[in-house]
Amino acid sequence: MAAYLSMGEAHRRINDYLSRLSDAISDSDGAALASLLAVSSAPASTPLSDALAAFPDFARLASDRFPHLSDFLPQLLRAIHSHSTRRFSDAYSSFEKAASAFLQEFRNWETPWAMEAMHTVALEIRLLAEKADRELAMSGKNPDKLQAAGSFLMKVFGALAVKGPKRVGALYVTCQLFKIYFRLGTVNLCRSVIRSIETARNFDFEDFPVKDKVTYMYYTGRLEVFNENFLVADQKLTYALVHCNPQSESNLRKILKFLIPVKLSIGVLPSRALLEKYNLIEYADIVTSLTRGDLRLLKQALDTHEDQLLKSGVYLVLEKLELQVYRRLVKKIHIIQRQKEPAKAHQIKLDVLVKTLRWLGIQMDVDEVECIMACLIYKNLIKGYFAHKSKVLVLSKQDPFPKLNGKPI
Amino acid sequence: MAAAPADAKAEAAKMDLLEDDDEFEEFEIDQEWDDKEDGNEVVQQWEDDWDDDDVNDDFSLQLRKELEEGSAQKS
């Protein structure tokens, strides 16, 4: 509980906050202004929130003192007050009104001095909306605030993604939008912002701040994974990996979580040390299954981590590794045959494959095996042809197992 | 009572919509770092020439045994 506060002291504290805010604006001090707008991270009781609780007429105090900011300050104080009393839906609604008023002011400022504050507003509105939606869902109401925050941020994006000095701040807002769209499962909405970022002729992508570039590449890389554009996904996620803050282990881990399946799909394996360092051991058995040609291990690994892999959206990518594992198994059979009987090494009886698969716990008849081998040949994972009558896979004598060489299957 | 776990599951699924385990963590607004391409050791942790002819690992030895047994049965 907040300690007892005299009206005079409460009045003084609120006035003090309002003065600092007004000073930050008149001094064009973006960092100071930003620090005064961080609502969602405040503890339940702060000197200001205690004062707001003790002085219910705070909104009028604000609008009387700063009439030119009467759309902004009273709503901001309401948001702070509601947040401190854990009424998150109310806090969101007030903050959105304050944010709209702030955006209006921001548009009128010619220089981007307030960019840091605008970014704080963009972050805060998303975090408050998440809190509000959790509260609404718990009480059986429709959680629609995050979507509303997305609409607001599109307006912010519109104010920034224009010619001129404010554009450098557009990518940060784009990343906040990505976080909302990924959470809501409406990733198709990413498309229009991406187009606006990537087709700009008057602004070089490299001129955006590195933290925003890394975040942007992480999300667009994930989108490319969903679209199965593995080469582009590789480029984007590798960019994120290379440029990410080396201290930020958790973000590096998240990048790798998507980059590893992409790399596997083009035949590149992560080192064991990498998997261990970033606690991505769920991929270790999958990697081993590829080097061994062990179809049983691949199935086991996919089954064990199915929920997690499905949730991240990489299950389908990993499932497709099956063909590479088949290829590796056939290659091993070929090598073992070659050591034993070099003259016949390039002929692999389908019957032998059926038995080997049975050994690995996979029940398949000759026709099914033939079908899979046909697929491997078609995808250029194996070079060879069938002697259909004698049920033999005849491997090419030259380079029967072409390397993937970074090409997706 | 039997319905309780299902309800809990449905509730969890509903809350799930509001979670994203893979959400990228915010970098501090003024956070900066030395952005060098080779500064990041994770870049060197990949291997693309693993598809060798080595068949002396445990799995290959078992496979060899399997293949030999298979052909022995036939003859």
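**Reading the interface**

Guide: Chain B and chain A bury about 5,800 Å² between them, 56% of it on carbon and sulfur atoms. Buried area is the accessible area (1.4 Å probe) that two parts lose on being put together, summed over both. In chain B, B:F24, B:W46 and B:W50 lose the most area to chain A, together 15% of what that side buries. This is a predicted model: local features need pLDDT of at least 70, side-chain atom pairs count only at pLDDT 80 or more, and totals for chains, interfaces and linings use all residues. Residues are numbered from 1 along each chain as written, chains are lettered from A and ligands numbered from 1 in written order, and side-chain values use heavy atoms, without hydrogens or water.

Visitor: How many residues does each chain bring to the contact?

Guide: Contact means heavy atoms within 4.5 Å. Chain A brings 75 residues and chain B brings 48 residues.

Visitor: How many salt bridges cross the interface of chain B and chain A?

Guide: Look for a side-chain nitrogen of Lys or Arg within 4 Å of a carboxyl oxygen of Asp or Glu. That rule finds 13 salt bridges across this interface. B:D21 and A:K311 form a salt bridge through their side chains, at 3.0 Å, N to O.

Visitor: Which elements of chain B give two or more residues to the side that touches chain A?

Guide: Helices (H or I, at least four residues) and strands (E, at least two) are DSSP runs, numbered from the N terminus. Here the elements are α1 (3–16), β1 (46–47) and α2 (58–74) of chain B. α2(B) gives the most, with eleven residues.

Visitor: Which strand of chain A is joined to β1(B)?

Guide: Two strands pair if DSSP finds at least two bridges between them. Strand β1 (residues 269–270) of chain A is joined to β1(B) by two bridges, and they run antiparallel. A:P270 sits opposite B:W46.

Visitor: Where in chain B is confidence lowest, and where highest?

Guide: Check pLDDT, the predictor's confidence in each residue, from 0 to 100. The average for chain B is 73, and 60% of the residues score at least 70. Confidence is lowest in α1(B), at a mean of 50, and highest in β1(B), at 90. Over residues 1–6 of chain B the pLDDT is below 50, and this stretch has zero contacts in the model beyond near neighbours in sequence. The model scores ipTM 0.88 and pTM 0.91.
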